Number of protein chains: 2
Amino acid sequence: MNVSKNIGIKEIAVLANVSIGTVDRVLHGRTGVSKSTKAKVLKIIEETGFKRNLMASRLKLASSKTLQIAVLLPEIKNEMYYWHHSNAGIKKAVQELNEQGIMANYFYFNRLDPKNFKKSYNMIFEHEIDALITVPFFEKETDELILKAEELKLPLVFLDSMLNNKNKTNNISQNSFKAGMVAGRLLHGLVGDCGQYFVFNILNKRGIQINNQQREMGFRAYFEQNLKEFDFEIHSINMPLENKEELEKDIQELLNSDKTKGVFVTNARSFLVSDMLKECCISNVNIIGFDLNLPNLERLKSNDIKFLINQNPEFQGYSAIKGLFKYLTEQDASELNLDIPVEIIIKENADFSEMN
Amino acid sequence: MNVSKNIGIKEIAVLANVSIGTVDRVLHGRTGVSKSTKAKVLKIIEETGFKRNLMASRLKLASSKTLQIAVLLPEIKNEMYYWHHSNAGIKKAVQELNEQGIMANYFYFNRLDPKNFKKSYNMIFEHEIDALITVPFFEKETDELILKAEELKLPLVFLDSMLNNKNKTNNISQNSFKAGMVAGRLLHGLVGDCGQYFVFNILNKRGIQINNQQREMGFRAYFEQNLKEFDFEIHSINMPLENKEELEKDIQELLNSDKTKGVFVTNARSFLVSDMLKECCISNVNIIGFDLNLPNLERLKSNDIKFLINQNPEFQGYSAIKGLFKYLTEQDASELNLDIPVEIIIKENADFSEMN
DNA sequence: CTGAAAGCGCTTACAG
DNA sequence: CTGAAAGCGCTTACAG
């Protein structure tokens, strides 16, 4: 079990016949090195395959320059909020990297107010930060943010992207179209060709969100691609959070048949739909929704919801910090973009441990 | 954004009025410190909440004492083998921790020969190693290994446990019973109450493996727990790899009805079952199996297999190294035991990128 | 039983 | 443009 000692900056210095300070300057592309010296050092580095020891580097730097990551998320009122989980993942990663010199600073914006979002990130830019993790909630303001970050040369990572990436930015999020396709197959397996299908979009004051639209598109695409004769209708129901009575009447008419029914809820509130259908005495209904919030998990446990799709917000936050750290310390951007797997959760592989 | 400098060994030394060498001795519980000094230092450490900086510690130690992890897996003939993925995960983690001073040494045993397994680990014990990662293939030899490792005070981690854990050891593996329950619900969703159900156990020279048995038990348990009137039979078919002709006759008789059929293959060879049923012209069949090997993925893509359950062998290997590193450097054993999630894979969330 | 000093591999003022 | 020296926080002989 042989131990081959890694070559270090000292060896490079000897081989290139310069001081270690000069090697360091070349390594970091700093100014103040003659062209010939630089070439000589680079050649030796190339030949020896030298990589600088990041642990030693961080040991020196952690005490002087802690990396400051700003995190701007929607307001979190309690631990059941989706964004709480993103935050938890961020905290976990920061904890792990703590002694290597990284800190997170948390900011929040009002999820219904684009102006507040803009105000928040402008405020953040007044501090000295090394990167920003946030969420592309509002199209126009997000575009402005992207431009501004580019200008400031500030690395930017979006969690849970809901916007089309016209701009080249870093995204750690699930492909919503693909998630819709997954939902299509799962529901089709339960309901079959002879059932009725419904897509429930739950609207808040901002209207329907882009990723919900993409989920619906994916869902419909599954049926178009996989059924030879695609001759049945998939009903879309846009359900505002207020004014439920009228909606319930419509639903009773639409869903009141003996047929097996499949319901795809495109956001995190499938528990609302489940409860409403129960109230309306709709039977033979199979529901699939998103996100492992407590009310959803309860309905999964009681068999009222059949499938949940997990976007793994904790893992998203965790990965964002780890990816940024790698980028900021190694100039390696490869982990700043991540396609979060479409994780399928049923009663038997769910983790109910937080339900106490 | 305030930076609170972490307290270090130097501050502790000053506060306790001793040298840093003495603080270090106390931190590591080494001999040669008077009781009173030790108590004084421990009190200060307690009061300040000091934690030693692991990065600095590893910087010093990596060059002198590289941690040697032995890995003993079944022979891997090519990249399609299941164990290749465990190895890949191990390699990835070792790569990440390379400069922190960890190395893996790979050994292989004949998967059909318990004596060879025993011989292999005895040979490994002649080297100086800090931990062993292996697989509990053979009951008797594994028990002996556990005892021997205990005697040598050598940390031991099992991947893919197939044995009941009578002994307290470290296991990174999926709960096979739970995986069987998951398979039960998924298949039941497709096939319904009026179909026929079959469990295929594929036997090699070692007979049926314990985790396959546990999967079957979980599968049956799902139906017993979830169907009010559990009045249909689940047929078990033990399928040896040789002597297929006779088997095909039996199968043709058993499965040749118009009913929808659900087939649960308890190991990684669901592709074999899929192909055989196709040859026998069995229709209306829904297959669920384990592991994302290439032939299984091909059948998933062509809709011949409906679900695959992933044990994530790469993640298992990766976690074993990370967990051992944490244990060996921080005496923190919390990551040496891991319940791998039962990951559900369908055509739409599968990664076919390795299929070229 | 305890301390002073050297060193892990890199980074950073400072001096020239 | 370049080098020598101090230092990051811990560990390890060595000396007493």
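**Layout, partners and sheets**

Modeller: Taken over C-alpha atoms, the centres of domain 1 of chain A and domain 3 of chain A are separated by 61 Å. Please keep in mind that this is a predicted model.

Biologist: Into which domains is chain A divided?

Modeller: Chain A is divided into domain 1 (9-52), domain 2 (66-173 + 313-339) and domain 3 (176-310).

Biologist: And how many residues of chain A are in contact with chain B?

Modeller: There are 30 residues of chain A in contact with 31 residues of chain B. On the side of chain A that touches chain B, helix 4 and helix 8 (176-191) of chain A each supply at least two residues. That side of chain A has 13 nonpolar, ten polar and seven charged residues.

Biologist: What rotation superposes chain A on chain B?

Modeller: A rotation of 180° does so, with 0.0 Å of shift along its axis and an RMSD of 0.1 Å. That is the relation of a two-fold axis.

Biologist: Why do the copies meet through the same surface?

Modeller: Of the interface residues of chain A, 100% are also interface residues in chain B, so the copies meet through the same surface.

Biologist: Let us turn to the DNA. Which residues are closest to DNA strand C?

Modeller: DNA strand C is surrounded by 25 residues, and the closest are Gly8(A), Ile9(A), Asn53(A), Ala56(A) and Gly21(B). Two or more residues come from each of helix 1 (9-16), helix 2 (20-27) and helix 4 (54-64) of chain A, and likewise from helix 2 (20-27) and helix 4 (54-64) of chain B. Helix 4 of chain A gives the most to this surface, with five residues. By class, the residues near DNA strand C are nine nonpolar, eleven polar and five charged.

Biologist: Which residues come nearest to DNA strand D?

Modeller: Around DNA strand D there are 25 residues, of which Gly21(A), Gly8(B), Ile9(B), Asn53(B) and Ala56(B) come nearest. At least two residues of this surface are supplied by each of helix 2 and helix 4 of chain A and helix 1 (9-16), helix 2 and helix 4 of chain B. The largest share, five residues, comes from helix 4 of chain B. The surface near DNA strand D has nine nonpolar, eleven polar and five charged residues.

Biologist: Now the sheets. In what order do the strands of the parallel sheet of chain B stand?

Modeller: This open sheet of chain B has six strands in the order 2-1-3-4-5-11, and the pairing is parallel. Strand 2 (102-109) and strand 11 (338-340) of chain B each have a single partner strand, so one side of each is left without a neighbour in the sheet. On average, neighbouring strands of this sheet are turned by 15° against each other, direction ignored.

Biologist: Which helix packs on this sheet and touches strand 1, strand 2 and strand 3 of chain B?

Modeller: That is helix 6 (residues 114-124) of chain B, whose direction makes about 150° with that of strand 2 of chain B.

Biologist: How many bridges join strand 3 to strand 4 of chain B?

Modeller: Three bridges join strand 3 (residues 131-134) of chain B to strand 4 (residues 156-159) of chain B, and the two run parallel. Within this pair, Ile133(B) stands opposite Val157(B).

Biologist: What is the pairing in the sheet 7-6-8-9-10-12 of chain B?

Modeller: The pairing is mixed in this open sheet of six strands. Its edge strands are strand 7 (234-240) and strand 12 (343-345) of chain B, each pairing on one side only. Strand 9 (residues 285-290) and strand 10 (residues 307-310) of chain B run parallel and are joined by three bridges. Gly289(B) stands opposite Leu308(B) in strand 10 of chain B.

Notes. Residues are numbered from 1 along each chain as its sequence is written. Chains are lettered from A and ligands numbered from 1 in the order in which they are written. This is a predicted model: local features need pLDDT of at least 70, side-chain atom pairs count only at pLDDT 80 or more; totals for chains, interfaces and linings use all residues. Two strands pair if DSSP finds at least two bridges between them. Helices (H or I, at least four residues) and strands (E, at least two) are DSSP runs, numbered from the N terminus. Axes are lines fitted to C-alpha atoms, for helices over the stretch in contact, and angles run from 0 to 180 degrees between N-to-C directions. Two residues are in contact if their C-beta atoms, placed from the backbone, lie within 7 Å. A residue is near a molecule or strand if its C-beta atom, placed from the backbone, lies within 6 Å of it. Ala, Val, Leu, Ile, Met, Phe, Trp, Tyr, Cys and Pro count as nonpolar, Asp, Glu, Lys and Arg as charged, and the others, Gly among them, as polar. Copies are superposed by least squares on the C-alpha atoms of residues with pLDDT of at least 70 in both. Domain bounds come from an automatic or database domain assignment.
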